[in-house]
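Hi,

Here is the structure I promised to pass on.

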Amino acid sequence: MGVEMSAGTLDRRVAVKSLLQNRGKTLVITGLGSSTYDTFAAGDHDANFYLWGAMGGAALMGLGLALAQPDRPVLVITGDGEQLMGLGGLVTIAVQKPKNLTIAVLDNGHFGETGMQMSHSGLGADLVAIAKSCGIVQTHDVRDEAGLATLRDAIQDLSTGPRFAAIRIANAEHERALAPRDGIHVRNRMRQHLGLPIM
Amino acid sequence: MGETVSAPAVDWPAAIFSELKAAGVSQISYVPDAGHARLIRMAHDDPAMKTIVLTTEEEGIAIAAGAWLGGDKSAVLLQSSGVGNCINMLSLANSCRFPLLMLVTMRGEWAEFNPWQVPMGQATPTVLEAMGLTVFRLEKPEETAEMIANAAALAFSGEQQVAVLIAQRMIGRKKWVSK
């Protein structure tokens with residue numbers, strides 16, 4: 001076992017609920033596992049898209065959505081394990097420079113869904129430094145309520161993204177809050193929310 | 001005809017670009033391939049096209065899903081060697097019935113010099129069909145416009161996942177020595 005590096009103290013459910021306060025026109029994509037449960041637990045919303053698979057794809061789905069909807073904030077809420085599977089995507093996002101995209105990684109340094117094995121971030125990889133070195137200029141290392149409030153305001157700023165935040169959460173587990181698993185239903189309701197046609 | 005396949009009468013990359021525009025595609029993502037080089041250049045030269053260079057092909061599958069969620073249409077350009085990288089991410093398009101249009105330049109077939117390209121080239125249609133895609137094969141430059149138009153219609157109106165495999169014969173023999 002390595003030395004635990006990123007151990008945070010924030011409660012993940014409290015942190016996600018805080019980020020989504022006064023969300024306005026924000027569109028949300030969640031990474032599979034606990035990030036989906038946390039977001040659903042904070043309150044279901046037509047502008048939420050929950051992933052139940054596609055590991056490594058959440059931030060990139062956020063990129064496609066952010067490019068299609070430049071006048072709305074797009075927030076990706078995912079976990080350290082999910083983001084680690086798609087690290088190359090941070091470079092892809094950095095060079096596109098979508099000003100309305102925020103990637104918020106709930107970082108507990110562990111793979112929570114599969115038995116709390118330590119992840120690379122728990123073993124020393126610094127996701128904020130990685131995002132910076134990929135070329136994402138706006139970064140947040142969130143360790144307390146004040147940091148969450150700053151990030152919450154920044155998400156609404158459509159002129160300074162893309163931004164990347166690591167939210168240092170404790171690795172306590174919560175009861176699963178089961179968001180809808182029917183991808184077509186969730187997809188259609190977001191399109192209807194945006195005034196787009198569905199089949 | 002001999003080697004004239006390398007200079008076809010039909011400018012098929014231009015035909016692809018024109019049909020993608022006609023279908024309303026506004027995002028093109030790609031992992032570079034020599035066979036797609038002209039199409040990629042056209043995409044970058046068009047200020048209305050959001051052109052996205054990827055680090056690995058499955059990123060394009062996720063981008064296309066997000067694009068469509070927000071009202072954009074997105075096409076993914078890749079080489080057959082990248083199809084294997086996409087397998088699990090294709091479940092996103094399949095599970096949520098996200099329209100997907102992949103344009104795959106084939107390696108490992110016509111006059112292939114590099115044996116390392118052969119296994120994934122041979123497996124490409126099988127792998128895509130195993131993940132539920134409809135696979136078209138483009139062999140003749142003069143059929144390009146019709147095939148791209150109909151593949152795009154199936155993808156974006158029929159909400160299907162579609163791959164068009166562009167035969168290596170259309171791309172021509174790879175030159176290994178620069179002149």
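First, the ground rules. This is a predicted model, so local features need pLDDT of at least 70 and side-chain atom pairs count only at pLDDT 80 or more, while totals for chains, interfaces and linings use all residues. Residues are numbered from 1 along each chain as its sequence is written, chains are lettered from A and ligands numbered from 1 in the order in which they are written, and side-chain values use heavy atoms, with hydrogens and water left out.

**Interface**

Chain B puts 28 residues into the contact and chain A puts in 29 (contact means heavy atoms within 4.5 Å). Together the two chains bury about 2200 Å², with 67% of that on carbon and sulfur atoms (buried area is the accessible area, 1.4 Å probe, that two parts lose on being put together, summed over both). There is one salt bridge between them: the side chains of A:Arg187 and B:Glu159 meet at 2.9 Å, N to O (the rule is a side-chain nitrogen of Lys or Arg within 4 Å of a carboxyl oxygen of Asp or Glu).

I also get 11 residue pairs in polar contact across the interface, both residues at pLDDT 80 or more (N or O atoms within 3.5 Å; within protein, one must be able to donate a hydrogen and the other to accept it, and residues adjacent in sequence count only if both atoms are side-chain atoms). On the chain B side, strand 2 (50–53), helix 3 (58–69) and helix 4 (90–96) each give two or more residues (helices are DSSP runs of H or I, at least four residues, and strands runs of E, at least two, numbered from the N terminus). Helix 3 of chain B has the largest share, with eight residues.

**A:His110**

A:His110 sits in strand 5 (residues 110–111) of chain A. Its relative accessibility is 8%, so A:His110 counts as buried (under 20% is buried, over 50% exposed, partly exposed in between; 1.4 Å probe, protein chains only). The A:His110 side chain reaches the backbone oxygen of A:Asn108 at 2.8 Å.

**Cysteines**

How many disulfides does the search of the whole structure find? Zero, over all chains (the test is a pair of cysteine sulfur atoms within 2.5 Å). For B:Cys86, the nearest cysteine sulfur is that of B:Cys96, 16 Å away. B:Cys86 is buried, at 1% relative accessible area, and A:Cys134 is buried too, at 18%.

Cheers
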